[in-house]
Amino acid sequence: MEPGEPRVNITITVTSLANRPGKRRYPGPVTSPTSPVPGVAHTDYSRADDLSLALRLADAAASASMARFDAVDLDVQTKPDASPVSEADLAAERAIRDILANERPGDGILGEEFGTTGDSRRQWIIDPIDGTANYVRGIPMWGNLIALAVDGLPVVGVVGIPAIGRRWWGAEGLGAWTNTPEGGERSLQVSTIDSLDEASVSFQSIAQWDETGHLDALIALTRRVKRDRGYGDVWPYMLLAEGRLEFVAEFGVQEYDIAAVVPIVTEAGGRVTSFEGEQTLSARSVMATNGILHQDFLDFVHSATPGA
């Protein structure tokens, strides 16, 4: 996209075995808004332009992934780390990379399936299908994650869960937004809950907390807060940005699992760090909160961890 060029509105037409007769019909296509931030015009090469492009990348990823979702003949392989990868993961990342090669050839890319290319201070960070284990079993809670980091800091993020017709996006200085059932957009704001006793949390995976030596802290946390659930993958971070949760934490994460979440949660008023409280994508852990309770959560989980 050149400076001043108007944004093209793209509608995805989904053709999937998930919608074949006799099966549950999934929601219709997610259409990127004409302006990703209502009231912000695209007049020059700006953060808004980067966000506009990220939304179109999400369109492409959603189209590629929904086309094979719940397909009976989906090809699935096992990666060296024993995690699954499907033909749709590869197709979605290729679709994103093709657009970036044409429109941002000078930018770097870090993708889960095809690694790192380029050496720019601007880097697109891609998880074509977050939650592949859900995807390959026909469970609709998986997402397309797209972020732009500048000098290592995520400044644009788009998260789409196309199987349920939802998308969230945010960019530095432009706020955080989501689509509505009526086809509009609404801004996101984290909750104002300021007590652990009233907080709702998502711990993601008991096994992760156990393997990293934090199981005692998790059990103590569940006894302290009002409500705990293990929603898993990217969805609970979006629930946090919407003000429905106050805490999400997990371990064993990569940069592409986290980067798209950061601008959305922070622009909604929350905070994202590692489990140790560091501002980094490379710690292999993440803690996201409504911001008000961030230090309280950090203090609590570490005080409840043996040997901390």
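A nonpolar core, as I use the term here, is a set of buried Ala, Val, Leu, Ile, Met, Phe, Trp, Tyr and Cys residues joined through side-chain atoms within 4.5 Å. I am working from a predicted model.

**Entry: cores**

I looked up the largest nonpolar core and found 33 residues in it. Ile125, Val159 and Ile264 have the most contacts inside this core. I then listed the elements that each supply at least two of its residues: β6 (143–150), β7 (153–161), α6 (235–241), α7 (255–258), α8 (261–267) and β15 (285–289). Which element gives the largest share? It is α6, with five residues.

Setting aside neighbours within four places in sequence, I find Ile264 in contact with Gly157, Val158, Val159, Trp168, Trp169, Gly170, Ala176, Leu188, Met238 and Ala241. Another core lies apart from the largest one. I count it at 25 residues, with Leu55, Trp124, Val158 and Leu174 among them.

**Entry: the chain overall**

I noted nine helices and 15 strands. Of the 308 residues in the chain, 54% are buried. I also checked contacts between residues at least 6 apart in sequence: 62% of them join residues at least 24 apart.

**Entry: α1 and α2**

Next I took helix α1 (residues 47–66) against helix α2 (residues 87–103). Their axes are 8 Å apart, and the packing angle is about 150°. Angles over 145 degrees count as roughly antiparallel, and α1 and α2 are therefore roughly antiparallel to each other. The crossing of α1 past α2 is right-handed.

I wrote down both sides of the contact. From α1 come Leu53, Arg56, Leu57, Ala60, Ala61, Ala64 and Ser65. From α2 come Ala88, Ala91, Ala92, Ala95, Ile96, Ile99, Leu100 and Glu103. I sorted the residues of this contact into twelve nonpolar, one polar and two charged.

**Entry: Ser65**

Ser65 sits in helix α1.

**Entry: α9 and its cover**

I moved on to helix α9 (residues 294–303). Which of its residues are buried? I list His294, Phe297, Leu298, Phe300, Val301 and His302. What covers these buried residues includes β11 (200–202), α5 (215–224), β13 (247–251), β14 (271–273) and β15.

I followed up α5 from that list. The axes of α5 and α9 come within 8 Å and cross at roughly 130°. That angle makes α5 oblique to α9. I logged the crossing of α5 and α9 as right-handed. In the contact, Ala217, Ala220, Leu221 and Arg224 of α5 meet Phe297, Phe300 and Val301 of α9. The residues of this contact divide into six nonpolar, no polar and one charged.

**Entry: Ala163**

My last stop was Ala163, in the loop between β7 and β8 (166–171). Ala163 has 0% relative accessibility, so it counts as buried.

Note on methods:
Residues are numbered from 1 along each chain as its sequence is written. This is a predicted model: local features need pLDDT of at least 70, side-chain atom pairs count only at pLDDT 80 or more; totals for chains, interfaces and linings use all residues. Side-chain values use heavy atoms; hydrogens and water are left out. Axes are lines fitted to C-alpha atoms, for helices over the stretch in contact, and angles run from 0 to 180 degrees between N-to-C directions. Helices (H or I, at least four residues) and strands (E, at least two) are DSSP runs, numbered from the N terminus. Angles under 35 degrees count as roughly parallel, over 145 as roughly antiparallel, 65 to 115 as roughly perpendicular and the rest as oblique. A crossing is left-handed if the near helix is turned anticlockwise from the far one by less than a right angle, and right-handed if clockwise. Contact means heavy atoms within 4.5 Å. Ala, Val, Leu, Ile, Met, Phe, Trp, Tyr, Cys and Pro count as nonpolar, Asp, Glu, Lys and Arg as charged, and the others, Gly among them, as polar. Buried means under 20% relative accessible area, exposed over 50%, partly exposed in between (1.4 Å probe, protein chains only).
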